[in-house]
Amino acid sequence: MTVPNITLNDGKTIPQLGFGVYQIEPENTKEATLTALEVGYRHIDTAEMYGNEKEVGEAITESGIDRSEIFVTSKLNNGFHDPEAALENGKKSADLLGGYTDLFLIHWPLPTVSDFVPTWQAMEELYRGGTARSIGVSNFQTHHLNRLASETTITPAVNQIEVHPYLVQEELRAYGREHGIATEAWSPIAQGLVLDDETITRIAGNTGKTPAQVVLRWHIQRGDIVFPKSVTRSRVEENFAIFDFELSDDDMTAITSLDKGHRTGPDPDTFDYIPA
């Protein structure tokens, strides 16, 4: 199956479907990533705070696939928002992941802890130097993005945010479309909460697909970039098999109408976690 590419505002392209390694233990990450690459994924999403960048890099090397054919995202640790630390650790991530990151993100804005504007200016330096081929943000709200627009030079290529049928984020996604910022959806199935929803199971029955495939297909047709994770090969394969069917307009509307404003993760305006 051919995974569609999304063209970012800097001219780079990113596969719309990827493989996430959040909460995969380091000792299991290399095998899981190798499995994903064998299935056909060419987009891997990791982060410094996940503690498994090294294993992702090892999997890429062992896969035998040319590094240029794999799109790798990582994210800046919350403890490294100081510009010098951001530069140093952005380069460390690049070294672990094959010499560069295809996309490097500020993981959280941490507005109650530090000023993310100087951090973003360090990200711009990583981009200009080629350490990160694209740069973006994660968990930024509209007012955070407006600050970057007014006080910095480069518009983020992506904003990686929590999105699923119970948190559709229409306003924030619309801001992204207006300003050329692609939306990446983390927790795309709400940690499984939406899979038993009556609307989704009905559509799954009608299409002959699983509830997870229906939800991932909903994301794809909306234009979201998604990267579900699993350590089970059958599930990894299932998540990849979402390009041989389409949801109707009525199905899309029905799923979007499930919005409850329900977060499974923290509120970006108050989240202040700094790793020890």
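A residue counts as buried when its relative accessible area is under 20%, as exposed when that area is over 50%, and as partly exposed in between. In the predicted model described here, Glu 170 has a relative accessible area of 38% and is therefore partly exposed, whereas Arg 173, at 6% relative accessibility, counts as buried. These two residues form a salt bridge in which the closest N and O atoms are 2.9 Å apart. Both belong to helix H6, which runs over residues 170–179, and because Glu 170 and Arg 173 are three residues apart in this helix, about one helical turn separates them.

The side chain of Asp 224 is joined to that of Arg 173 by a polar contact of 2.9 Å, and to that of Arg 222 by a polar contact of 3.3 Å. When neighbours within four places in sequence are left aside, the residues in contact with Asp 224 are Gln 16, Val 163, Arg 173, Thr 183, Ala 185 and His 219.

In the whole structure, a search finds 16 salt bridges. Side chains of opposite charge can pair when their charged atoms come close. One of the salt bridges joins Asp 102 to Arg 67, with 2.9 Å between the closest N and O atoms. This pair links distant parts of the chain, 35 residues apart, with Asp 102 in the loop between helix H3 (83–96) and strand E6 (103–106) and Arg 67 in the loop between helix H2 (53–63) and strand E5 (71–76). Asp 102 has a relative accessible area of 10% and is buried, and Arg 67, at 12% relative accessibility, also counts as buried.

A further salt bridge is formed by the side chains of Asp 244 and Lys 209, at 2.9 Å from N to O. Because Asp 244 lies in the loop between helix H9 (233–240) and helix H10 (249–256), while Lys 209 lies in the loop between helix H7 (198–207) and helix H8 (211–222), the pair ties together parts that are 35 residues apart in sequence. Here Asp 244 is partly exposed, with a relative accessible area of 48%, whereas Lys 209 counts as buried at 17% relative accessibility.

Turning to the nonpolar residues, the largest nonpolar core has 64 residues, and Phe 19, Tyr 41 and Leu 247 are those with the most contacts inside it. Helix H4 (residues 116–128) supplies the largest share of this core, namely six residues. Another core, of ten residues, lies apart from it and includes Ile 14, Leu 105, Ala 157 and Ile 225.

Considered as a whole, the protein chain contains ten helices and ten strands. Its radius of gyration is 18 Å, close to the 19 Å that the globule rule gives for 276 residues, so the chain is as compact as a globular protein of that length. The C-alpha trace spans about 55 × 40 × 35 Å along its principal axes. Of the 276 residues, 55% count as buried, and the accessible surface of the chain comes to about 11,600 Å², of which 46% belongs to carbon and sulfur atoms. Among contacts between residues at least 6 apart in sequence, 75% join residues at least 24 apart.

Conventions. Residues numbered from 1 in each chain as written. Predicted model: local features only at pLDDT ≥ 70, side-chain atom pairs only at ≥ 80, totals over all residues. Heavy atoms only, no water. Salt bridge = Lys/Arg side-chain N within 4 Å of Asp/Glu carboxyl O. Helix = DSSP H or I, 4+ residues; strand = E, 2+ residues; numbered from the N terminus. Buried < 20%, exposed > 50% of the residue type's maximum accessible area, 1.4 Å probe, protein only. Core = buried A, V, L, I, M, F, W, Y, C linked by side-chain atoms within 4.5 Å. Polar contact = N/O pair within 3.5 Å; in protein donor to acceptor, adjacent residues only side chain to side chain. Contact = heavy atoms within 4.5 Å. Rg over C-alpha atoms; globule rule 2.2 N^0.38 Å. Areas by Shrake-Rupley, 256 points an atom, 1.4 Å probe, with all protein chains shown as cover.
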